[in-house]
Amino acid sequence: PPRILTLEEPVLHMDHCIAFAVHGNPAPTLHWLHNGQVLRETEIIRMEFYQQGEVSEGCLLFNKPTHYNNGNYTIVATNQLGSANQTIKGHFLEKPFPEVFFSPQIYGAPKSLCVDSKAFSFQVSIAVGLAAFACVLLVVLFIMINKYGRRSKFGMKG
């Protein structure tokens, strides 16, 4: 039956790599689980390995992983005589906004994070009204400065 010889934590080379070595005769088929779910290969995550005798060595490669890729990675090796699996924790990036910022103890219930649409539309209309008033005021000031600002003081001609 298959036997997992090594499973190493992610290391950054060209891509992030979870290195593994599996022994088995006949050669086992390999697949991965991420947090207990079947991991599908994509442009970002792919497996590369080579067979040398009864040993398969390779890497689970990650191209620019994010915090979504953090979690437990399990390699499952299966052949006609049995199966073996081993899990390792993969940590690539911290979450950009920790849970502390959205903690219910700080901000109250999660529903308080929702925006009330009536209050929001009222605030927008107030902001638009103030901006329009400021524009009208600037136009009136510009006209007054052009009209009255050109007269020479004390009757002197410039």
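## Legends to the close-up views

View 1. At a relative accessibility of 27%, arginine 46 is classed as partly exposed (buried, under 20% relative accessible area; exposed, over 50%; partly exposed, in between; 1.4 Å probe, protein chains only). The model is predicted: local features need pLDDT of at least 70 and side-chain atom pairs count only at pLDDT 80 or more, whereas totals for chains, interfaces and linings use all residues. Residues are numbered from 1 along each chain as its sequence is written, and side-chain values use heavy atoms, with hydrogens and water left out. Asp15, Arg46 and Glu48 are joined in a network of salt bridges (side-chain nitrogen of Lys or Arg within 4 Å of a carboxyl oxygen of Asp or Glu). Between aspartate 15 and arginine 46, the closest N and O atoms are 3.4 Å apart. This pair connects distant parts of the chain, 31 residues apart: aspartate 15 belongs to the loop between strand E2 (11-12) and strand E3 (16-23), and arginine 46 to strand E6 (residues 45-52). Arginine 46 also forms a salt bridge with glutamate 48, at 3.1 Å from N to O. Aspartate 15 is buried, with a relative accessible area of 17%, while glutamate 48 is partly exposed at 44%. The salt-bridge count is two.

View 2. The protein has two helices and nine strands (DSSP runs numbered from the N terminus; helices, H or I, at least four residues; strands, E, at least two). From the N terminus on, its elements run β-β-β-β-β-β-β-β-β-α-α. Four of the strands form an open sheet in the order E5-E4-E8-E9, with antiparallel pairing (two strands pair if DSSP finds at least two bridges between them). Strand E5 (37-38) and strand E9 (82-90) each have a single partner strand, so one side of each edge strand has no neighbour in the sheet. Strand E8 (residues 71-79) is paired with E9 over nine bridges in the antiparallel sense. Threonine 74 has threonine 87 in E9 as its bridge partner.

View 3. Asparagine 25 and proline 26 are joined by a cis peptide bond, with omega about 5 degrees. Proline 26 is located in the loop between E3 and strand E4 (29-34). Asparagine 35, a residue other than glycine, has a positive phi near 50 degrees. This asparagine 35 sits in the loop between E4 and E5 and is partly exposed at 44% relative accessibility. Lysine 64 likewise has a positive phi, near 55 degrees. The loop between strand E7 (55-62) and E8 holds lysine 64, which is exposed with a relative accessible area of 71%.

View 4. An unreviewed UniProt entry places the feature "transmembrane region" at residues 120-145 (positions in the numbering used here; feature names shortened; annotations may be inferred rather than shown by experiment). Over residues 120-145 the chain is 100% helix and 0% strand, with its end C-alpha atoms 38 Å apart. Phe133, Leu137, Leu138, Leu141 and Ile145 make a nonpolar surface patch of about 540 Å² (residues with over 30% relative accessible area and no salt bridge; like charges joined within 9 Å, nonpolar side chains, Val, Leu, Ile, Met, Phe, Trp, Tyr, within 5 Å; areas by the Shrake-Rupley method, 1.4 Å probe, for residues only the protein chains shown counting as cover). Leucine 138 belongs to helix H2 (residues 117-148) and is exposed, with a relative accessible area of 58%.
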